[in-house]
Amino acid sequence: VLGVTGTKPLTVDFEQEQKDMHAVAAVLKEGLVGACHDISDGGLLVAAAEMLFTHRRPVELGLTIDLFGDLFIDLDTFLFTESGGFILEMTPENEDRVMAILKQNKAVARRLGTVTDDAKLRVKHNDVNILESDIKVLLYNWFHGLEEASI
């Protein structure tokens with residue numbers, strides 16, 4: 001696609017995936033998160049958008065994903081790879097406890113961003129704006145993308 005012939009898929013570390021799953025289960029068991037979504041279908045960015053769609057929640061919210069530093073893989077791979085992982089939504093009051101549980105269970109975790117009240121999905125990397133879109137536009141494309149692509 002677009003002149004890209006493909007690359008070697010990411011290697012899955014099954015032992016780490018197991019640690020991550022047990023850690024997320026421990027967090028969920030304590031009731032510390034408002035929402036949780038796996039990133040295996042479409043990657044992190046698609047999962048984040050799906051969490052924001054208003055047909056799944058009563059209030060229109062937004063999200064600013066604010067990534068800093070070296071991601072150790074390309075940004076598009078980080079945002080769209082369909083490897084294991086989860087997005088956890090929590091209140092600021094629960095963040096330290098959630099991170100402590102994840103660390104205690106040897107999970108790989110990083111803070112991704114902040115929930116906003118403006119119904120937009122934003123992505124920044126090292127203070128550079130990568131993406132900004134209205135949730136309603138993303139929702140429309142999510143529902144109608146293949147339909148319009150076939151016209």
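Which residues does Ala119 touch, not counting residues up to four places away in sequence? Read on to View 1.

The model is predicted: local features need pLDDT of at least 70, side-chain atom pairs count only at pLDDT 80 or more, and totals for chains, interfaces and linings use all residues. Residues are numbered from 1 along each chain as its sequence is written, and side-chain values use heavy atoms, with hydrogens and water left out.

**View 1. Ala119 sits in the loop between strand E4 (113-116) and E5.** Ala119 touches Glu60, Leu61, Gly62, Ser133, Asp134 and Ile135, leaving aside residues up to four places away in sequence. Contact means heavy atoms within 4.5 Å. Ala119 counts as buried because its relative accessibility is 13%. Buried means under 20% relative accessible area, with a 1.4 Å probe and protein chains only. The C-alpha atoms of Ala119 and Lys136 are separated by 7.9 Å, and the two residues are 17 residues apart along the chain.

**View 2. Helix H2 (residues 43-52) is mostly covered.** Of its 10 residues, 9 are buried. Among them are Gly43, Leu44, Glu50 and Leu52. Helices (H or I, at least four residues) and strands (E, at least two) are DSSP runs, numbered from the N terminus.

**View 3. The largest nonpolar core has 25 residues.** Such a core is a set of buried Ala, Val, Leu, Ile, Met, Phe, Trp, Tyr and Cys residues joined through side-chain atoms within 4.5 Å. Residues with the most contacts inside this one include Leu44, Phe78 and Ile87. H2 supplies the largest share, 7 residues.

**View 4. Ile87 touches residues including Cys36, Leu44, Met51 and Leu112.** Residues up to four places away in sequence are not counted.

How values were computed:
Buried < 20%, exposed > 50% of the residue type's maximum accessible area, 1.4 Å probe, protein only.
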